[in-house]
Amino acid sequence: MAEYCFGVDLGGTTVKIGLFTSEGKLIDSQEIPTRKEDEGSHILSDICEAIDAKLVDRKMTRDDLIGVGIGIPGPITKDGSVLGCVNLGWGIFNVEEKLSQMLGGVKVKAGNDANVAALGETWQGGGRGFEDIVLVTLGTGVGGGIIIGGKIIPGSNGAAGEIGHIPAVVGRDAEVCGCGKKGCLETVASATGIVRETKKLLAKSEDDSSLRKKKELTCKDIFDAAKEGDKLALKAVDKLTFALGKSIAGIAAVTNPQVIVIGGGVSKAGKFLLDKIEEYFNEYAFHATKNVKFALATLGNDAGMYGAAALILD
């Protein structure tokens, strides 16, 4: 009887591959490079080779597998089709069918990487014990995923949960997002965004700030300074947490989650960050959604692997 599965987190730089038991225990993992040359045509074959090599190493065969779950950085339809991944060079094709065929008929389930990470945090991370969660990941950009009743809400073409592209900033000074729109949440609420906004404040103001001594300003520098009471850093953090708190209040009015899980590199600011987001959330949230809990993600870079395994183990 099949007792194992693989969870694959396909990123733009590396592919993380985890071997799990049917109970959800991670027993082995590895990383391989994401070869994007030739329009990403090598990626799936590289994943298959890594999976087969791991099976040989573990004295296992494909018959021991319940299946393979995979998180992909792009929209995924309900039938497992990817609607193009610019970062991978992929066009439109059914990734579930293709990968399953390459693995000799092993069951494959695919999902958007942020949604899959949200499922991982629901299953074994910061959202464990809850069925209705919203994951917000704060890194170079802002990502997210929505889980209701323990299931991913993908939307009609896999684009649900694109929290970073909520139009959160209004006015002529709104920054242009990487997606081409102006004023997306991630222009102010990402690590990139807060650094850019802080540099603007430093240029406009003559206020004393420890941040002026930094040659290469980072998100961590800004939060460390804010925790020490640096007024300019606090202004920058306030802009980020205001945008997040208000946006999450809007999300909660639609999804009514039990818990909001905050992940990504910016979340390393910890309770200091959560408290400020929650303060603005409570100011703008509809009264019936205010009982939501805020929590930090706990799986880190492994969330995608766990969530991909959960796609198969359900």
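## The mixed sheet

G71 stands opposite G111 in β7, and I72 has N112 as its bridge partner in that strand. Strand names here follow DSSP runs numbered from the N terminus, with at least two residues for strands (E) and at least four for helices (H or I). This is a predicted model, in which local features need pLDDT of at least 70 and side-chain atom pairs count only at pLDDT 80 or more, while totals for chains, interfaces and linings use all residues. Residues are numbered from 1 along each chain as its sequence is written, and side-chain values use heavy atoms, with hydrogens and water left out.

Strands β4 (residues 65-72) and β7 run parallel and are joined by 5 bridges; two strands count as paired if DSSP finds at least two bridges between them. They belong to an open sheet of 5 strands with mixed pairing, in the order β3-β2-β1-β4-β7. Its edge strands, β3 (26-33) and β7, each pair on one side only. From one strand to the next, the twist averages 15°.

## Helices on the sheet

Helix α10 (residues 303-313) packs on the sheet and touches β1 (4-10), β2 (14-21), β3, β4 and β7, where contact means heavy atoms within 4.5 Å. The direction of α10 makes about 135° with that of β1. Angles run from 0 to 180 degrees between N-to-C directions, with axes fitted to C-alpha atoms, for helices over the stretch in contact.

Helix α3 (residues 95-102) lies across β4 and β7, at about 145° to β7. Strand β7 (residues 108-112) is mostly covered, with 4 of its 5 residues buried; buried means under 20% relative accessible area, with a 1.4 Å probe and protein chains only.

## Around S81

Let's turn to a single serine. S81 lies in strand β5 (residues 81-85) and counts as buried because its relative accessibility is 12%. Setting aside residues up to four places away in sequence, S81 touches P75, I76, F93, N94 and V95.

The side chain of S81 makes polar contacts with the side chains of D79, at 3.1 Å, and N94, at 3.4 Å. Such a contact is a pair of N or O atoms within 3.5 Å; within protein, one must be able to donate a hydrogen and the other to accept it, and residues adjacent in sequence count only if both atoms are side-chain atoms.

## Helix α8 and its ends

Helix α8 (residues 231-255) has 25 residues. At its start, a side-chain oxygen of D230 reaches to within 3.1 Å of the backbone nitrogen of L232. Just after α8, N256 takes a positive phi of about 50°.

Methods: Buried < 20%, exposed > 50% of the residue type's maximum accessible area, 1.4 Å probe, protein only. Expected span 1.5 Å × (residues − 1).
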